[in-house]
Each structure stands twice: as C-alpha cells, then as structure tokens.
Amino acid sequence: MLNPQVVQELVASLEAPFVIELVNTFLEDSPQLIDEIHQGIQGNETEQVHRAAHTLKSFSKTFGLEQLGSLCQGLEKLSAHGELSEGTKSAAKDTEAAYRPARQALADLRQELVPMTAPSSRPRES
C-alpha cells in the first residue's frame, strides 16, 4: 500500500516527528476530502470534486500511496471536463474504496514512527 522507499526518504529528509505531524494532518483532513468528493458527485459540483481529488492526490503522493494517488489523479482529470459522467462516479467509488486501506496504512505508519521520536534511553557519557 505505502511505497516503502518513499516513506524511508520522507523520514530521512524530514525526521519522524514531522512525518507524524504530516500523517496526523492526513488522518484529520482526508475524511473531509472524501466527503467533499461524495457531496460534489451528489450535487454535480465538478469544481468541488476536482479540488478535493487534487488535494487528496497530493497527500497520497507525499506518502507513496500509489493506488490512491493514481485514482485521485484520474478522478481529478475526469472532473476537470465540467461534467460528472458515470465514469467519474465510478472513479469516485473506486477512490473511496482505496482510501480506507490507505488511511489504515498511515495509521500503522504513525504507530511505527512513534518509538523513533522517544528520547534515547541510553545514559549520557560525561
């Protein structure tokens, strides 16, 4: 689900505490984005679908959530044409289905990173 190389590079460049903050932001903000996509589809609001898909795509690519990122990119392109076709509605359903395991993968990543943020328990050398 998560691309381990992307995660490793992210942790190496930003360090675990900041990556945890990014994960927390995703976990807090992404349900709203999924809701916006769903509501946009229901209300035939292409701009709302486009904007939410774009934002979710960016989040996804940051963490190497390749399947979700790809689905969001497709949804973003489909919604850019000004009408929501059956293909757009289907892409939204696929995106929502891929979101659940992606969200869980990030929650799991956060748990893995927490021990990396704890102060070292080794005694200091004088």
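First, the ground rules. This is a predicted model, where local features need pLDDT of at least 70, side-chain atom pairs count only at pLDDT 80 or more, and totals for chains, interfaces and linings use all residues. Residues are numbered from 1 along each chain as its sequence is written, and side-chain values use heavy atoms, with hydrogens and water left out.

Back to the helices. Helices here are DSSP runs (H or I, at least four residues), numbered from the N terminus. Helix 4 covers residues 66-79 and helix 5 covers residues 86-117. Their axes come within 9 Å and cross at roughly 155 degrees. Each axis is a line fitted to C-alpha atoms over the stretch in contact, and angles run from 0 to 180 degrees between N-to-C directions. The crossing is left-handed, meaning the near helix is turned anticlockwise from the far one by less than a right angle.

Who makes the contact (heavy atoms within 4.5 Å)? From helix 4, the residues include Leu-68, Leu-71 and Leu-75. From helix 5, they include Ala-91, Asp-94 and Tyr-99. The contact residues divide into ten nonpolar, four polar and one charged. Nonpolar covers Ala, Val, Leu, Ile, Met, Phe, Trp, Tyr, Cys and Pro; charged covers Asp, Glu, Lys and Arg; the others, Gly among them, are polar.

Next, the rings. The structure holds three aromatic pairs (ring centres of Phe, Tyr or Trp, its six-membered ring, within 6.5 Å; planes under 30 degrees apart are stacked, over 60 edge-to-face, the rest tilted). Phe-26 and Phe-63 pair edge-to-face, at 6.2 Å between centres and 80 degrees between planes. Phe-26 sits in helix 2 (residues 16-43) and Phe-63 in helix 3 (residues 46-63), 37 residues apart. Both Phe-26 and Phe-63 are buried (under 20% relative accessible area; exposed is over 50%, partly exposed in between; 1.4 Å probe, protein chains only).

Phe-26 also pairs with Tyr-99: centres 6.3 Å apart, planes at 40 degrees, so this pair is tilted. That links helix 2 to helix 5, across 73 residues. Tyr-99 has 7% relative accessibility, so it counts as buried. Ring pairs join Phe-26, Phe-59, Phe-63 and Tyr-99 into a cluster.

Last, the loops. Glu-15 lies between helix 1 (4-14) and helix 2. Its phi is positive, near 75 degrees, and it is not a glycine.

Technical notes:
Helices (H or I, at least four residues) and strands (E, at least two) are DSSP runs, numbered from the N terminus. Contact means heavy atoms within 4.5 Å.
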